[in-house]
Amino acid sequence: MSTNNLSYNDQGGSDSAVEVGQETTPTSSNAGAGFGLFSTNFKKNDDLKEMLESNKDSLKLDAMKRIILIATGKNASELFPAVVKNVASKNIELKKLVYVYLVRYAEEQQDLALLSISTFQRALKDPNQLIRASALRVLSSIRVPIIVPIMMLAIKEAASDMSPYVRKTSAHAIQKLYSLDPDQKEHLIEVIDKLLKDKSTLVAGSVVMAFEEVCPDRIDLIHKNYRKLCNLLVDVEEWGQVVIITMLTRYARTQFTSPWKEDGLFDENSETAFYESDEKKTKNGDEKKSYMMDPDHRLLLRNTKPLLQSRNTAVVVSVAQLYWHLAPKHEVGVITKSLVRLLRSHREVQYVVLQNIATMSIQRKGMFEPYMKSFYVRSTDATHIKSLKLEILTSLANEANISTILREFQTYVKSQDKQFAAGTIQAIGRCATNISEVTDTCLQGLVLLLSNRDETVVAESVVVIKKLLQTQPTQHSDIIKHMAKLFDNIAVPMARASILWLMGEYCERVPQIAPDVLRKMAKSFTSEEDIVKLQTVNLAAKLYLTNSKQTKLLTQYILNLGKYDQNYDIRDRTRFIRQLIVPNEKSGALGKYARRILLAPKPAPVLESTYKDRDRYQLGTLSHTINTKASGYLELSDWPAVAPDQSVRNVEVIEPVMIHLYFYYPEAESDEEKSSSQSSEESDKSSSQSEKSSSESDSEQKKTTKKPPQKKTVKPTAKDRYYNELFNTKCLSRSLFSLCILTPCPLSCAAALLQVSGPAFVPEKRHDLLHRMTGKGLSAQYQFPRQPCLYQPTMVSVQISLTNTTDHPLEQIHIGDRGPTGLDMHCFNTVDSSIRLPDGAATKEDQFSVSIQPAVGELFLPATMTEQDFRKEQGKLLGMNESSATITMAAENTTRQPISRQVATVANLGVVPSGQDNIHRFAGKTASSGAVVLVTVELRESSAALITINTEKSVMGPMLLRDLKRALTRA
Amino acid sequence: MINSLFLINPSGEMFLEKHWKSVVSRSVCDYFLEAKEKALEPEDVPPVIHTPHHYLISIYRDKLFFLSVIQTEVPPLFVIEFLHRVAEMIQDYFGECSETVVKDHMVMVYELLEEMLDNGFPLATESNVLKEMIRPPTILRSVVNTLTGTSNVGDTLLTGQLSTIPWRRAGVRYTNNEAYFDVVEEIDAILDQSGTTVFAEIQGVVEACVKLSGMPDLTLSFMNPRLLDDVSFHPCVRYKLWESERVLSFIPPDGNFTLMTYHVNAQNLVAIPVYVKQSISFFECGSDGRLDVTVGPKQTMGKTVEGVMVTVHLPKTILSINLTATQGSYTYDNGTKLLVWDIGKLNPQKLPNLRGSLSLQAGAPKPEENPSLNIDLKIQQLAISGLKVNRLDMFGEKYKPFKGVKYITKAGKFQVRT
């Protein structure tokens with residue numbers, strides 16, 4: 001730091017220190033104290049540096065807060081070096097603020113930003129998952145190309161981290177790295193592929209987001225994960241749901257055949273198209289005789305439906321668009337209610353939802369017709385909402401409701417908002433053309449509006465009447481006359497031009513009036529707007545051809561005026577018309593056809609919605625809203641004519657059909673089931689179960705299509721429904737099956753300094769609680785998921801899975817009397833009271849007493865601590881509290897990895913980083929009382945090892961020692 | 001996804017900007033400001049604006065514009081919903097959402113925004129999770145913080161974020177365990193000149209304030225759940241149980257939250273609690289008009305109608321008004337032509353009436369349309385649809401909580417055409 005700065009600080013240092021102490025939130029509203037800060041903002045940057053370099057965290061923190069404030073308005077990058085030094089600070093808030101700053105300015109100060117990288121690399125190895133995650137988050141946000149390899153490495157490592165939170169962060173980092181360096185695409189796809197297989201709901205949304213951004217065309221990566229994603233969907237956080245649903249919509253359009261053909265067959269008899277496509281795919285033509293929905297297609301529709309009830313409007317609309325694009329036509333109706341509900345939401349939400357409804361209502365009137373009144377306009381609606389509602393009401397109009405709608409429109413026409421009134425008139429015009437019954441009524445109504453005092457209303461009416469008359473001009477010469485009379489009073493150019501056009505087009509119906517109008521126009525020609533002048537020239541030409549006797553001179557006069565007009569369009573038009581209609585020697589063959597050219601019958605304009613062509617965009621997308629293709633928009637493909645191979649979505653581990661068989665033929669297949677479910681991870685439990693249920697209801701279809709030989713018996717449908725319900729109930733709340741056991745002990749404060757970390761390892765071993773023979777068909781297994789208990793941190797979670805192996809339902813399963821005294825259990829009431837069986841199964845009551853015997857190692861929570869802390873704690877727990885034994889290790893257990901794994905299998909302990917290679921330390925605390933448990937494994941020569949356990953729980957110590965001994969000596 | 005966020009006050013000043021990806025220049029907001037200039041009212045600014053390189057999605061709320069900058073395709077509602085969550089979060093943390101409040105807590109708002117999005121993708125939007133990471137300011141805490149130098153940023157990893165119940169904090173403790181539910185129903189209606197109902201429906205919401213220790217599992221049941229036609233739930237509600245048994249079973253978030261919103265069956269006739277007799281007329285010759293409005297109770301189920309308020313947007317050509325009210329008081333703003341008549345409680349014996357003359361600007365034509373009246377009202381202890389909570393059961397915890405249910409009926413968008 002230069003002497004200049006120092007001298008300044010000598011003068012002002014004390015002042016600023018006082019100031020900082022006084023105000024924690026420096027703002028303009030804080031006038032008295034804020035004064036100093038803002039008046040000397042520039043000089044203050046120097047003392048900020050000073051503060052950042054001080055030893056006190058509070059000073060640094062205040063400095064950082066002020067820097068963040070400065071950064072909102074001005075460039076604060078000159079402080080970068082001073083700030084970056086604090087990146088390794090212990091104070092979490094300070095650290096976070098430094099991160100905010102770093103991410104903002106790293107791009108501008110690339111070299112200096114590199115100084116901070118090593119800190120993050122260290123933090124990536126931290127035992128605390130929160131720190132690992134935030135380090136990765138910031139590291140990947142620093143947009144400095146040099147560190148791309150480091151980022152790549154960090155992402156790969158984080159993708160296989162134990163904590164799902166870190167894995168989620170790595171999914172986010174993928175997108176950041178991709179935008180920084182698109183060349184990394186191939187490597188990133190590998191990571192995405194890995195993360196897509198992840199079974200945590202936390203990761204699912206983020207990785208699909210990364211997939212959409214990096215490789216949306218790699219649809220093949222989804223196949224194996226499709227069913228899992230469908231099943232996890234309900235439990236994914238709401239933002240992830242939106243992304244997953246959008247992606248699955250696209251996926252389904254490439255993988256399944258159209259469910260709409262079926263409807264087409266019924267209502268439009270489009271059989272030719274149907275059979276044509278059939279012939280092309282002769283190899284499975286017979287199967288396609290009647291449409292059969294792919295069970296996976298059905299699975300998607302079924303699992304998204306509950307989300308229509310979400311409070312998040314984005315989720316609701318994404319489900320709605322999924323149904324719109326994927327569901328059979330007769331099922332789309334379920335989305336109507338939910339969309340109408342969203343109209344109660346914020347104005348901006350209404351805007352987007354109404355746009356989507358507008359597009360839908362053009363194709364499917366019936367969907368929204370019952371809710372027509374929900375689209376009535378209120379005077380308080382914003383302009384864009386009003387016009388959208390008008391649009392929808394017009395689309396919904398049909399013979400039955402048109403009178404109601406027109407009555408409503410009458411109110412709108414009188415609105416003070418003239419733009420809206422004009423929109424209403426156009427809407428009336430559209431209704432009139434679409435529904436021929438009311439054309440006359442509408443026309444009469446519009447004519448009445450011609451005497452309206454407001455100019456815009458009159459002008460709009462004229463324009464609409466013009467269009468209407470074009471569709472059926474024969475009967476309406478009196479309206480044309482009426483308009484001619486009004487002509488003098490109308491000043492809006494568009495309306496004047498429209499009247500002139502009408503005169504010219506139908507001049508033979510009003511032979512008296514048309515020349516008179518032309519006379520008036522000749523007088524005022526020079527002062528008219530361009531558009532009116534053009535129509536005047538047209539009128540003159542048409543009259544010249546039909547009634548040249550009266551109008552010859554007038555026409556020539558107007559053509560002369562037009563010849564010298566300032567506007568070149570008008571000059572061109574005049575010249576063209578003159579050559580065409582006035583016969584002279586130069587006019588070629590075209591002159592003969594002048595009449596046919598000018599007085600050709602013109603097709604009536606089609607009045608249609610501006611939302612007509614929006615259906616080319618996927619509903620709910622930005623592109624649909626702005627009606628242009630937004631960058632990054634992914635086209636929704638058409639249904640494939642032939643469904644691609646369905647088996648790509650099969651997952652080896654959990655084969656739904658097999659499990660399905662298990663329920664019905666317990667003798668035959670039970671072994672297979674057991675092995676498959678045991679190998680599947682516990683976290684997947686609920687999802688695999690709902691997958692089972694999904695296969696249930698589709699069993700009928702599968703039977704006929706996929707594996708006919710295996711299933712000859714037809715099951716009663718009632719049973720199918722029952723299993724469906726049972727497992728739906730199960731997946732509804734997965735915690736339904738976890739109990740918590742608490743050994744009552746006063747909470748001691750000794751372990752307060754220990755931070756509990758996530759489990760290092762979750763053993764998959766399950767223990768039998770109730771065998772199916774003893775339990776008369778009900779079998780129960782339990783395991784320790786080693787997850788923090790939600791009910792009380794001092795409890796240990798036990799997960800119990802119940803399986804019904806009988807062919808009849810089991811109702812009212814509940815946990816009866818509490819266990820022995822001293823055991824506190826937090827359990828749920830009746831498990832599945834919702835199940836009713838129609839065929840009146842016999843009621844029986846059975847009671848089984850079972851006992852869970854937790855291994856001592858399951859009663860701990862892993863803790864993280866440093867080696868020093870470990871030594872310190874160990875020092876307090878000597879003598880009585882220490883138990884040790886020397887053992888001979890199994891040959892393969894002599895390196896770090898296997899030892900950690902073996903210990904983690906036995907006991908839920910955390911690894912303590914150790915400086916020595918031959919000593920391994922593990923730490924934890926008991927769940928109930930928080931007493932410290934320390935384990936040391938010291939390797940001696942020739943595979944001998946000393947295990948030492950220090951804990952004040954004198955019973956637990958030896959028990960744990962015994963278990964550890966067994967585990968480590970076992971080969 | 002979301003690239004940047006700008007907060008803009010009604011006069012067009014940007015007082016907060018936050019970028020989650022690379023920095024987008026402020027000048028991008030010019031497109032928005034242009035659109036804002038064009039719009040008559042701030043509400044009329046189009047929510048989605050298309051500029052050459054970016055897409056701007058904005059919401060207008062609490063007199064502030066929340067403007068987000070987007071670069072690629074994203075569902076617009078995703079952004080809109082998120083922006084509203086930001087506004088709700090500010091409201092939740094600081095009691096109100098306004099320019100001053102944001103400026104007062106600028107650093108904390110930054111910290112919150114940093115946690116809410118990662119690379120433009122929402123990370124933590126649950127208020128319970130955020131509050132565990134960054135504790136909301138209280139007077140006591142700010143004193144303690146200044147004295148001890150501790151911060152209000154949490155340093156533990158949140159169990160909430162990792163569990164399947166992300167909306168609830170672990171280890172909640174209260175000395176008084178209480179759970180309150182407010183059933184609030186709003187009547188949306190359009191009445192025509194003669195007082196006939198053009199359109200009416202009831203929208204309801206169950207707001208909850210749950211302060212229970214531990215991990216309670218609640219079940220709320222209704223006497224007449226069949227009334228409810230369309231519902232949407234807080235994520236905590238078990239949808240399947242609602243489908244099968246029509247009960248709300250949930251592990252609640254801690255504190256205030258919206259449990260469900262519902263829509264009452266369209267078949268049921270909606271009771272309109274008040275009637276309005278009005279006549280607004282302008283004389284063809286001369287620049288004069290008369291206004292006469294009377295409000296009276298109609299179907300009130302024996303309850304008193306309170307907080308009645310009539311709001312009228314008078315035509316722009318009105319020059320001045322001269323009215324007398326038999327009850328309550330009226331205010332009139334000549335700039336916005338907004339007439340507000342605050343009546344208060346309705347007394348069936350003596351109906352409130354507002355009458356007097358309106359004078360138009362000289363030479364101005366007679367207004368085409370009479371202004372419509374917007375009615376506001378409140379009825380305590382009544383859910384107009386007849387919905388009743390049957391009981392609330394708690395499982396999983398041992399203590400006896402204090403339970404309470406309150407019913408309120410309000411006017412939603414209640415409009416009388418004249």
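Which residue of chain A forms a salt bridge with B:E186? That's A:R344, and the closest N and O atoms are 2.8 Å apart. By salt bridge I mean a side-chain nitrogen of Lys or Arg within 4 Å of a carboxyl oxygen of Asp or Glu.

Quick housekeeping. This is a predicted model, where local features need pLDDT of at least 70 and side-chain atom pairs count only at pLDDT 80 or more, while totals for chains, interfaces and linings use all residues. Residues are numbered from 1 along each chain as its sequence is written, chains are lettered from A and ligands numbered from 1 in the order in which they are written, and side-chain values use heavy atoms, with hydrogens and water left out.

OK, the interface. The rule finds 13 salt bridges between chain B and chain A. On the chain B side, helix α2, residues 76-94, gives the largest share, nine residues; helices here are DSSP runs of H or I, at least four residues, and strands are runs of E, at least two, numbered from the N terminus. In total, 110 residues of chain B are in contact (heavy atoms within 4.5 Å) with 106 residues of chain A.

Now over to helix α42 of chain A, residues 896-906. Its buried residues (under 20% relative accessible area, 1.4 Å probe, protein chains only) are A:I899, A:S900, A:V903, A:A904 and A:V906. They sit on the same side of α42(A) because they cover an arc of only 160° around the axis, going by the directions from the helix axis to the C-beta atoms. Those buried residues pack against β10 (919-926), β11 (932-939) and α43 (956-969) of chain A. The face turned away from them carries A:Q897 and A:R901, both exposed, meaning over 50%.
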